[in-house]
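Hi,

Here is the structure I promised to pass on. Have a look at it first, and my notes follow below.

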Amino acid sequence: MVRMLTTGTTAIATAVKHADVDVISAYPIRPYTGVMNELARMIADGELDAEYIVSDSEHTQFEIAKHAAACGARVFTGSAGIGWAFAHEAIVVTPTDRVPVVAMVGNRALDDPGNFGVEHTETLVVRDLGWMMCWPENPQEAYDLTLMGYKIAEDPKVLMPYVVCCDGNFITHVRFPVDLPDEETAREFLPPTPPPRVNVLHPDRPLSIAPHVDYYWGAEIRRQMDQAMKNAIEVTRKVHEEFNKIFGRGGPPFVEEINTEDADVALMGVGGMAMPARRALSQLRKEGIKVGYIKLRRFRPFATEDIVNVLKKFKVVAVLDMDFSFGSPYAGGIIFQEVRSALYDLSERPKVVNYLIGLGGREITVEVMRSIAKEVYDIAKTGEVKQLVKWVGLRE
Amino acid sequence: MSWEKIEIRTLKDVPKEEYYVAGHRTCQGCGPALACRFLAKAAGPRAICITATGCMYVANCSYNTTPWAIPWMHTQLGGIGSACTGAAAAYKAMMRKGKLKKEEIHVIGLAGDGGAADIGLSAISGAMLSGHDHLIITYDNESYANTGIQASSLTPWGAWTTFTPPGKMLRLGNVRVKKDLPKMIAAGHPNVRYVATASISFPFDLMTKIRKGLAVKGPAFIQIHTPCPKGWKFPPELTIRIGRLAVETGMWSLYEIEDGQFRLTFKPPKRKPVAEYLRLQGRFAHLREPDIRYLQEQVDAACKQLGID
Amino acid sequence: MVLVAVEFDGRGVTQTALLRAASDIICAAADKEGNPSLGYERYDDAPDRVGVPIKGFSVISKYEIPKDQAKIDAEDAALPVDKIPAPVCDTSHYKECYEEVAGEAMLYEPRSVDAVLVYDDTLIRGGEPWAHIGLQAIHEKLKDGGAIVVNSKRDPEYLLNFIPPTNKKYTLAVIDAEGMDKIFILPLIGAMLKVAPGIVSYRAVIAAVKERYKAEGIKKAEVVREAYNKVRFIEVPPATGPIQLKRISRKFEEFPKWYEMPEGIVVFAPPVDTPNPHYKTDTFRTFRPVTDPEKCNKDGLCWLYCPDSARSPDPEKLFEVNLEYCKGCGICAEVCPTKAIKMVNELEFKEARLW
C-alpha cells in the first residue's frame, strides 16, 4: 500500500500504469488533462512503456484508441464536456466494434458557454450506445473503478468500452488521502495482457471487421451488443468479488446503501455528491430524522434488479440529477427518468421526485443536502409532492 | 473601407481608438492579447470577430464579460472555418437579396494554433475553398495554452509542454517538427488571394497585413507569432523582445503571398544565432549544445529557401 | 470535531507550484497526526495567468485542537529539528473526521480559514480574481482571531496601511521568507505555526518537511524552525466605526436572476475606448510603471505595446497609465528606447490602497 494525498486524475494515471497500457491518445481539455500530463511524465521518466500520441482532436483520440484496441493493445484515452461531444462519431462506433477501450471523462458542463464546472450530461447523453459508465465518489474509487474497468471490459463475454466519470474539479483536482496498491499486487488482479479474443487484426488470422451490411444483418448485430451489456452485469459482480478478495474493498458492484437503516426516504445520485450527502444524513440521523442515500456506482449497465430491490422499500426516493434533459417528461433530469421507469411495474412503488443540483458546477454544501433531505422527509409524512422537479440553488 | 489607407507605416497611422479594451484576465505581457488589440485597431468598427475556444476566449471573457467593443461570438475549438463561412455567407446572401443594407461588414475569425492547425484544420481548408469573404487569423503561441500548455502541431521541436515533458528517459521534450501552416494553406488553395505571417513585435507590418487581408475579396489567412510568457517560460516584460528575436534569428519569418506571389516583408540585416532566442525561454532550458546546433541547421536551411539569407 | 483550514495567496504561474507544495506539506503534516485533509487550488483561478491573484487551501478535520498546542510547539522549536519527538498518529477518530472533511469536498473554497499565507506582499491590497466578483480583501475568509502571515521585507505596521479595515481581530505577521530560502513557503509555514498554533503541530510539519525534501530534509526543516522563532507580529484589533470599502466583493445573491439576464448568453459590448467596467485588473500588479518626464521623448512605444490598452494615446499626458487596469507586466519599461520608465513596487505608493 502506498498512502498518499492525490487527485482523481493522478489516481487514474496510476491505475493505467499498473494496467500496463500499450497505447495512450492524448488531447487537452479541462478538467481531465491532468491524467494525460501524469502519464506523459511517467513515460518520459521510464515508469511506463507505452505509445503516447498527442492527437489533433478528440475524434482522433478516440479513433486511435479504437483501432489500437482492435489490434489487441490495451488502451487508454479520455476527454471532458464538449471535447467528449466532438469525439461522438468515434464514441458511437467503439461499442459496435466490440473493443474494450477504457476511458476517463472529467465531467464538465457542455458548451455554450464554456464552463469548466461539473455537470454529468455530457456522458449521460451517450447512455444508449453501449458504453459502460461508472462514477467514483472520490479519487480512491477512481483508481479502483479504472483497474476493474479493464477486467470487465476485456472479459470475452463483454467486450464493450468503459468510461470512468470524475466530477470536474471535485474529483479531478482536489487532493484526497488514498491508498494505492503497488504494481505487483495490481497485476495479480489484472494481468498485463488482455485475454485473447477473435476480433483482433493480425496476419495469423485474417478477418474483416465491420463490413457494410443491409437489413438482413443489423438487428442481430444489435442483439449481440444487447447481450454483452446484460452479461456485463454478472461479469461486474464477479470482478468486484475478486477485487474485494485481493484489496479488501470495492463495495457492492452497482448500488450502495448509505445510512438507510429504518429510513423510509432516500436520496439518490452519482459521483462526489455522496460526500456532502453522507455528512448531512449522519447529522440528521443524530437529530432523529432518518434519511438514506443510495449511491449509484454504475449507471450502465443499469442493474435494474439490484436497483429496484434497494429502492422498493422506500416511500419516497429523491433523485439528485447533476444534469439536464430539456423537453423531457416532466422536464426532469436523466437519472430521474430512468429510475422512475425502472420502478414503474412495482405494485407498490415509491414516489420518485427530482432535484436538479449543482448545475454548471455550483457548489454542493452539507446544508443543501440537509434541506433537500428534510423536504423529502416531509413528503413521506404528508404524502404531498408540491413540486415534482425542483431546481436547487437557482437565483430566482 | 472605413479606413483611409491600408498601409500603417508610423505611429501616426495607428488608430488611437481601442476596440479591444482594458479589463481582461490575460497574463501579464500576453502576446495574443496584444495581437487582439492590434487586429481590432486595424479592422475598426465595421468588423465582427468570431473566436474559437482558447486563451483568447476564456481569458478574455472570464467570466461572463467581454473586452470586445465590436460584435463578437464564441465558436467551438475546431469550428473557426465553418463559423466564418456561415457568417460571411449570411451577410452576402442578405445583402444581395436586399434583406440587409449593403454596407461594410468584415468577418474575422480568430483561433489559436491548436484550433487552427489541429482540430480546426479541416474546417479552415473548407472555408478557404468555399471562397466566402472573411479573414481567418491564427495567434500562434505554439501550444494549447489555455489548458495549461500542451503540445500542438505548431509547438517547435525541443519545447517543453506538459504532454512532452523532458524526463529521465525521454530527454528532448517535443520531438515533432512544427507544421508550416501558412504555406499549407497557400499551396493547397490556389484560389486564396492573401496569406501572410506576422508578429506582434512588428506591429505596423501586422496591422497593414490585417487591412490587406480584409480588403481582398474572398478568404484570407494570417498567422501571427505571439510569444507567451506562461507557455514559453519567460518574464512578462520580455514578450516584445522575444518576438523580435524570433524574426531576427530566422525562427519566424515575415512574408505575404499575394495572388500566389511570395514576398518577404522583413529581412533581418544580419541573422542572429538561434541560441539568443532559445536561451531566454525556460521551455528550452533542457536543450543541450547538439540540440541547439540541430535547430540552427534547420533554421539555416529554411532561411536559405525563403531567401532570407 | 473541528474543521481548520489554511489559505495560500500567491500570483499565478510563477507561484502556482508553491501554492500546491505548501498545501501538500500542511496536508502531509495532518496525515502524520492521523487527520484526514483536502488540498486544492481554487478552481476558477485556473487557468492561472501570470500575475493574477490565486488561492490554494488545505482543509483539515481534527477531533479537537489540543489546548496546550502553542506550548508544545514552542518547546519543540527550542530544540534542533532532529532532536524533537515524532508526531503521534492518532487515527481513533479518522472515520468521523474523514466524513466531516469529505462533506466539504464539493466546495471551491473552505467556509473560513484560520490562517492566510501571503506570498507576495502587494497582495495585501486585495485581489480581484475575475469579472463581476469585485475586490476580495485579504482577510475575506479569515476567522475572527486568525492570522495573516506575509512574506515581506517591510514592517507589519507599514503593511497595515494597505489592508482594509474589518470587524474581525487578527494577528498580522511578517517574515522575510524569500530572504531565508528559495523554497520560501517553508518560512511562511514556520511563521504560521507560531501565530496560528493548532492547525497542525510543529513536530508534524517538521516530520513532513524532512520526508518531502529527503537529502535536504534537515536543512529545510531548520528553515521552518528559524522562521518560527523570528517571525515578527502585531495584534490588530477590530476596526471601530463604519467600514467604507471603495470596491467590495460581490456576493452570489447580488448577481442577476435567471429571468433578468438577456436571452442567448448575451453580454453587451463596452463602448469604444471604455475599459471593461466589470473587471479591474490592477491587482495583477506587483510593480507599476513610473515615467521620468526628463527622459520621455514622447515616441509612444509604451502606448503602442501595452497588451492591456492601459495607456492614454496622449503624448502631452506622457501616455498616462490607467492604474485601475495596468497589470505591471513591464513591457512598456522594456520597449522604451530612452529607458524613461521604471517599474516600482506597489507598496511604495500609499495611494495603492484600494479602499
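At what angle do the axes of helix α7 (residues 202-212) of chain C and helix α8 (residues 217-230) of chain C cross? They cross at roughly 150° and come within 7 Å of each other. That makes α7(C) roughly antiparallel to α8(C) (over 145 degrees counts as roughly antiparallel, under 35 as roughly parallel, 65 to 115 as roughly perpendicular and the rest as oblique). Axes here are lines fitted to C-alpha atoms, for helices over the stretch in contact, with angles running from 0 to 180 degrees between N-to-C directions. Helices (H or I, at least four residues) and strands (E, at least two) are DSSP runs, numbered from the N terminus.

Before you read on: this is a predicted model, where local features need pLDDT of at least 70 and side-chain atom pairs count only at pLDDT 80 or more, while totals for chains, interfaces and linings use all residues. Residues are numbered from 1 along each chain as its sequence is written, and chains are lettered from A and ligands numbered from 1 in the order in which they are written.

Back to the helix pair. On the α7(C) side, the residues that meet α8(C) include C:Tyr202, C:Val205 and C:Ile206, and their partners in α8(C) include C:Ala221, C:Val224 and C:Tyr228 (contact: C-beta atoms, placed from the backbone, within 7 Å). By class, this contact of α7(C) with α8(C) has 8 nonpolar, 1 polar and 3 charged residues (Ala, Val, Leu, Ile, Met, Phe, Trp, Tyr, Cys and Pro count as nonpolar, Asp, Glu, Lys and Arg as charged, and the others, Gly among them, as polar).

Now for chain A. Chain A has 13 helices and 15 strands. Its radius of gyration, taken over C-alpha atoms, is 21 Å, which agrees with the value near 21 Å for a compact globule of 396 residues (the rule is 2.2 Å times the number of residues to the power 0.38). The C-alpha trace of chain A spans about 70 × 55 × 45 Å along its principal axes. As for burial, 57% of the 396 residues of chain A count as buried (20 or more other C-beta atoms within 10 Å of a residue's own; exposed is 12 or fewer, partly exposed in between).

Finally, the interfaces. Where chain C touches chain A, the contact takes 21 residues from chain C and 26 residues from chain A. On the chain C side, α1(C) gives the largest share, 4 residues. The contact between chain B and chain C takes 43 residues from chain B and 41 residues from chain C.

Best wishes

Technical notes. Two residues are in contact if their C-beta atoms, placed from the backbone, lie within 7 Å.
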